[in-house]
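These are my notebook entries on a structure with its sequence. I set down what I looked up, in the order in which I looked it up.

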Amino acid sequence: MCLAIPGKVVEAFDQRGMRMAKVQFGGIVREACLEYVPETQVGDYVLVHVGFAISRVDEAEAHRTYQLLEELDQLTELNAPVVDEIATRGDKQ
Amino acid sequence: MKYLDEYRDGRVARKLVEEIHRVQTKPWVIMEVCGGQTHSIVKHGIDYLLPEGIELVHGPGCPVCVTPLEMIDKAHSIARRPDVIFCSFGDMLRVPGSDGDLFTIKSQGGDVRVVYSPLDCLKIARANPDKQVVFFAIGFETTAPANAMLAWRAQQEGMKNVSLLVSHVLVPPAIAAILQSPLNRVQGFLGPGHVCAIMGYREYEPMSARFKVPIVITGFEPLDILHGTLMTVRQLEAGRAEVENQYSRILDREGNRSAQKLVCSVFEIADRKWRGIGTIPKSGYKLRWEFREHDAERLFDVKEIDTREPAICISGQILKGIKKPHDCPAFGTLCSPQRPLGATMVSAEGACAAYYAYGRHLKAERENSTASLVGGAA
């Protein structure tokens, strides 16, 4: 129910006094209301829930979090041996 | 898709899983609040990847599940009226009331329509000035701004043929109710990412401090959930109890101010009954008096309907994290998504329905073969 999907704003327009956009999700384009993210520009990524953009994706934060996760194993290798059991369980997927 | 695919990367997931195994030394019970998170966990088999000492229990964050049967029956009695076009999100159509579901009503000639956005109701109302367009406004804080915008626009445009049947619920009172229960087992929470995209996470801070529980606001993709779990376990192992934000690419502490502002001008806090749990004080929204002309409960004199849930159903205990779906004798036998007996089976995001969809009703028959189930029937 709280499903929300990030998509790229490809066009912004006015509809009966409301700021709307065409938002691209992979190969699909849908309309979304931009009233709650007024600072959004074409090219930005927004999180869309039931036809409303509820947040603008913070690209710098997305990059920072991903880098942090990418570098996790370096921490792991520094701190402790990898748990063999996990690797074995994971391989069965 | 950008911002989705990278958070489903199995290689990074494995690093996270290894780190959780490394950090965890004691048993912990962690609740993911949101039904969307539950669905993701069961779909990707995330709970099977965690150390045995970490138990994920499934929270009450599925609005379709917790909408009380009385409200479903009210919706159905309105949807049956010949002067009404009844609009709803698709999730609500299969939820059975005391006498059938919205699909049944549609098949019997009721004008029931699925909408993608609440704003679709405005278009339908303009095209059908002789009909009353009623929208079934359910949801958590995530959906409240969209539903509030419908009421706001209807009022601004003087559209008297648009009304809302409101059954809105709020997450923090439900978390507080779980923590206050004498049977509570939950020691840490994966907080609801999209609810907090609207509300921010300030309101979780006093709760985390008061009950001494870590609350990590978490996203919905597999890496988000593993990362949120790791952050929660780190706090628990270190004896910390703070609110942290795993989902920083989407939200900050303050949330979406302009959405909060409109929600506040359309809705006010009200007591709400939660299916499977009961009435929680100040746990939902109702329309403000100024919007009474758009309140379907006022416009249609719907009688209070007394309903009873089947005694065998343990959904209340599942929603509070006390029990799991396969603890229920009816799970997968008397109760299935086709014939749900209670809250947690009625929506795809309910814990029982997610367990069923990914083959976990078969687990009881294949006990002790956990490893072979990794990945499930997904």
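This is a predicted model: local features need pLDDT of at least 70, side-chain atom pairs count only at pLDDT 80 or more; totals for chains, interfaces and linings use all residues.

**Entry 1: domains of chain B.** The assignment gives domain 1 as 5-55 + 172-191 + 202-239, domain 2 as 65-170 + 255-299 and domain 3 as 327-373. I then looked up the separation of domain 1 and domain 2 of chain B, and found their C-alpha centres 32 Å apart. For the contact between these two domains I noted 5 residues of domain 1 of chain B and 7 residues of domain 2 of chain B. Helix α9 (residues 171-180) of chain B supplies the largest share of the domain 1 side, with 4 residues. By class, I recorded that side as 4 nonpolar residues and 1 polar residue, with no charged residues.

**Entry 2: overall form of chain B.** I listed 17 helices and 11 strands for chain B. The radius of gyration of chain B is 21 Å, close to the 21 Å from the globule rule for 378 residues, so chain B is as compact as a globular protein of that length. Along the principal axes, I found that the C-alpha atoms of chain B fill a box of roughly 65 × 45 × 45 Å.

**Entry 3: a sheet in chain B.** I traced an open sheet of 5 strands in chain B, with the order β2-β1-β7-β8-β9 and parallel pairing. At its edges I found β2 (54-61) and β9 (243-245) of chain B, each of which pairs on one side only. The twist from one strand to the next averages 25°. Strand β8 (residues 215-218) of chain B pairs with β9(B) in the parallel sense over 3 bridges; I noted Glu244(B), in β9(B), as the bridge partner of Val216(B). Helix α12 (residues 222-238) of chain B packs on this sheet and touches β1 (28-34), β2, β7 (188-192), β8 and β9 of chain B. I recorded an angle of about 145° between the directions of α12 and β7(B).

**Entry 4: contact between the chains.** I counted 39 residues from chain A and 51 residues from chain B in the contact. On the side of chain A, the elements that give two or more residues are β4 (45-49), β5 (52-56), α1 (59-70), α2 (72-79) and α3 (84-91). The largest share of that side, 6 residues, comes from α1(A).

Notes. Residues are numbered from 1 along each chain as its sequence is written. Chains are lettered from A and ligands numbered from 1 in the order in which they are written. Two strands pair if DSSP finds at least two bridges between them. Axes are lines fitted to C-alpha atoms, for helices over the stretch in contact, and angles run from 0 to 180 degrees between N-to-C directions. The radius of gyration is taken over C-alpha atoms; the globule rule is 2.2 Å times the number of residues to the power 0.38. Domain bounds come from an automatic or database domain assignment. Ala, Val, Leu, Ile, Met, Phe, Trp, Tyr, Cys and Pro count as nonpolar, Asp, Glu, Lys and Arg as charged, and the others, Gly among them, as polar.
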